[in-house]
Amino acid sequence: METTTIAPEQMKEADPYIAAFDRFERNDPAWLTSLRERGMAGFAELGFPTTRDEDWRFTNVAPIAKLPFQPVTEPSATTVPLKQFNFMALECTRLVFIDGYFAPKLSTILPQPKGVRITNLAAVLSDGEPLVQKHLGRYARVDANPFIGLNTAYFQDGAFLYVSAGQVVEKPVHLLFLSTSEERGSASHPRNLIVAERDSRLTVIESHVSTVQGEYFTNAVTEFVIGEHAVVEHCKFQDESPLAYHMATQQMNLSKQADFISHSFATGAKLSRNNIYTHLGGEHIECVLNGLYLTKDDQLADHYMIVEHASPHCNSHEYFNGILDDRSKGVFHGRILVRPIAQKTDAKQTNKNLLLSDNATANAKPQLEIYADDVKCTHGATVGQLNKDSIFYLRARGIGLETARRMLIHSFAGEIIDRIRCEAVREELDQVIWDRLEENPHVGSK
Amino acid sequence: MLEIRNLHAGVEGRDILKGLDLTINAGEVHAVMGPNGSGKSTLAAIIAGREGYDIRQGEVLYNGKDLLEMDPEERAREGVFLAFQYPVEIPGVNSTYFLKAALNEIRKHNGESELDALEFLSLVKEKMKILELREDFLKRPVNAGFSGGEKKRNEIFQMAVLEPKLAILDETDSGLDIDALKIVAEGVNRLKRPDNAQLVITHYQRLLNYIIPDVVHVLYDGRIVRSGGKELALELEEKGYDWISKHDAVPA
């Protein structure tokens, strides 16, 4: 492997990961070995970020760095009752991964049109599918954040979805990532590759859940390659154990006229960060990033995104709402980058935070970087309590104070949920979020 | 129905209403006209129960009860309705859900059974026609993305569904084109009954061409300085509010 130098204070924590990589034996093809080495080098170079790093100012990942190094070498369970989880009643293709390993017996793959391939990544790696070599690791850059490199070095499996030109995957594809290990520091690094060629259509649900109250670590990376005029919806539901650590990166590369919408729901994990990088590489792309985080106790939910307008005439929108309770913390970091060529860009961003407790905090960091002169870019961030005018409006119609409060809190979540296009997914998440809010004693009573 | 006696009220240390008297009986339509800053919206807000106003003196009786003691929702359930000058957008709250909840709170208060979804829908469909609202209206979030005219029509639509005893229309005409104004006025007129009353607050006489008041009051500097029949509105339109300020000393 390549030699690397890292800062001394980071060395200690990154050390076990680097040392283990040398002992990490696999039957990878040469190109993958070199990809993994680049990943490891990238991780070694960056090390675990600290709050001195501008991009990690509000999110301290030291608890992850201090976890014992425990890569899962085999899943602790091969069959798990799945009924308890969301989206299980959904008529869909489902790939289930336990602790990062594919569980074929729990998975269902509906018949698909010719030119659609839905399977696990390890399967296509072993059968030498050329598309994997062509795309894997080409988009998610190991210098974007250290966890991408770590994932690239250590991933075992994940989903491979390929939709060839003009094909439509009618039913959603549900990727269920399940953690079952109670061992502290037990880590899985799911890796997904999703290729939707021109004029194709695809809906993907990615959920991260657990059967245990474990202090485990999930570090997922998903690369999307979205062709011309393709329509793709991605819905990520992070509902990890309340003690877990969750890092995830989605890298989307969009071609002209692509219509992409992504939803990120964060309800679980003690500490979570979702990194979304979108590259708008053709004209007339529609890109919507939508998200909701609900936090309580001492949870932290961080959403970090870069929307890169690299072509003219594209529209992008980010809508992120957070409902924060107890001592919890919500972080939003939205960077809009408009390249000189990207004239007629229309980029909008809003982040709204509702604090249900005086001890909750929200950090919003919008960042506009505009190098073109004929663009429309707006951003807005709010942090606060429920709107007094809205409460009065509802009360003036006969609705009691407590019901009015509850209605408005639900509506704060509802405006995000309403953007989900797939009706079955929208209805299910609507119910989930409704129930979670109703369970909260501070909803309606403060 | 409504009796306001010697009401003195203000906000943030500023006196706005300075001894206002107003009596409205069932079956009557009253108009309160006045220039900007005369206290029109303060009057509406105080009747509906908006927070933040200091009531320094006087009383407001609604059907003999002390209105100022009641929470806003209690007033609404007792039949007081405010058509807002600036209806609030509530994205994420579905219009059907909102209005059904409101109606059922009022019905519960009156000892009536709550309406289920079907009963509610058949009731509102009829009322929607009166206000010429589109079918998809009920599926949209409350006022979210509505045009100014749609918001005002929505206020009157809610009034039609909730059937208040005392409706206060706070500058409902502002921002409406003439066609929307006619639809709104027609809606209001159809809701007039011998057992309810309406208080129309406006800056301009225009709306009163379509909603004919029984009594017109002129509010000036926190007091009713003149009351009369519908001709008073026309006179005011012709001569302007300056005319009133010159006759400021004339008691109501």
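How many Å should the 17 residues of helix 9 of chain A span, and how far apart are its end C-alpha atoms? Point 2 gives the answer.

1. Ground rules. This is a predicted model: local features need pLDDT of at least 70, side-chain atom pairs count only at pLDDT 80 or more, and totals for chains, interfaces and linings use all residues. Residues are numbered from 1 along each chain as its sequence is written, while chains are lettered from A and ligands numbered from 1 in the order in which they are written.

2. Helix 9 of chain A, length. This helix covers residues 423–439. Helices (H or I, at least four residues) and strands (E, at least two) are DSSP runs, numbered from the N terminus. At 1.5 Å a residue, helix 9 of chain A should span 24 Å, and its end C-alpha atoms are 24 Å apart, so the two agree. The expected span is 1.5 Å times one less than the number of residues.

3. Buried means 20 or more other C-beta atoms within 10 Å of a residue's own, exposed 12 or fewer, and partly exposed in between, with C-beta atoms placed from the backbone.

4. A:Asn275. This residue lies in strand 14 (residues 271–280) of chain A. A:Asn275 counts as buried because 22 other C-beta atoms lie within 10 Å. Leaving out residues up to four places away in sequence, A:Asn275 touches A:Asn145, A:Ala248, A:Thr249 and A:Tyr304. Contact means C-beta atoms, placed from the backbone, within 7 Å.

5. The sheet of chain B. Four strands form an open sheet in the order 2-1-4-5, with antiparallel pairing. Strands pair if DSSP finds at least two bridges between them. Strand 2 (14–24) and strand 5 (65–66) are the edges, each pairing on one side only. Strand 4 (residues 54–62) and strand 5 of chain B pair over two bridges. B:Asp66 is the bridge partner of B:Leu61.

6. Where the chains meet. The contact takes 18 residues from chain B and 18 residues from chain A. Helix 2 (72–77), strand 7 (90–94) and helix 3 (95–109) of chain B each supply at least two residues of chain B's side.

Notes
Contact = placed C-beta atoms within 7 Å.
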